[in-house]
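Here is a quick walk through a model, from its surface down to its rings. Have the sequence and the 3D view open as you read.

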Amino acid sequence: MKAQREKRASDRHKLEARIVCAYFNRNQYCRAKMLNYCEGGLYFRSKFAFKPGASIFIRTEEFSQGTSDSSLRNGYRTITLAEVKRCEELSGAKFYKYGIGVRYYQPY
């Protein structure tokens with residue numbers, strides 16, 4: 001059986017970080033856990049689902065350099081706007097019930 005190829009254009013970098021997420025221009029937010037990022041976006045886990053296609057605001061609160069696969073690279077953003085590309089319910093998860101992949105909006 002062939003291994004499934006990833007569809008991303010840039011390399012993924014492992015980094016665990018505590019982040020804050022909210023729908024753009026909304027007052028309600030949630031804390032979440034980022035697991036990795038790349039030049040085009042990031043993946044995080046959340047207690048709450050975000051709808052695919054939605055614009056969300058993401059801000060890093062704290063990251064652990066010890067969980068990084070190397071020094072920070074292109075694509076790491078401490079504050080950003082992104083589009084939700086996928087949101088999947090994680091089976092068996094107790095705290096963070098959703099896995100969410102987002103693509104950054106480009107700054108131009």
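## Surface and burial

The chain exposes about 7500 Å², and carbon and sulfur atoms supply 47% of that area. Accessible areas here come from the Shrake-Rupley method with a 1.4 Å probe, and for residues only the protein chains shown count as cover. Of the 108 residues in the chain, 35% are buried (buried means under 20% relative accessible area, exposed over 50%, and partly exposed in between, with a 1.4 Å probe and protein chains only).

Some housekeeping: this is a predicted model, where local features need pLDDT of at least 70, side-chain atom pairs count only at pLDDT 80 or more, and totals for chains, interfaces and linings use all residues. Residues are numbered from 1 along each chain as its sequence is written, and side-chain values use heavy atoms, with hydrogens and water left out.

## Strands and how they pair

Strand β1 (residues 13–23) runs antiparallel to strand β2 (residues 30–38), joined by seven bridges; two strands pair if DSSP finds at least two bridges between them. A17 has M34 in β2 as its bridge partner. β1 and β2 make a hairpin with six residues between them, and N25 in the turn has a positive phi of about 65°. β1 also pairs with strand β4 (residues 55–63), in the antiparallel sense and over seven bridges. There, I19 has T60 in β4 as its bridge partner.

## Contacts along the chain

Take the contacts with a separation of 6 or more: residues 24 or more positions apart account for 61% of them. Contact means heavy atoms within 4.5 Å.

## Aromatic rings

How many aromatic pairs turn up in a search of the whole structure? Three. Rings of Phe, Tyr and Trp (its six-membered ring) pair if their centres lie within 6.5 Å; planes under 30 degrees apart count as stacked, over 60 as edge-to-face and the rest as tilted.

One of the pairs is F44 with F50, edge-to-face at 6.2 Å centre to centre and 70° between the planes. F44 counts as buried because its relative accessibility is 0%, and F50 does too, at 6%. F95 and Y96 are also edge-to-face, 4.7 Å centre to centre with 80° between the planes. F95 is partly exposed at 48% relative accessible area, and Y96 is partly exposed at 24%. Finally, ring pairs link Y23, F44 and F50 into a cluster.

Methods:
Helices (H or I, at least four residues) and strands (E, at least two) are DSSP runs, numbered from the N terminus.
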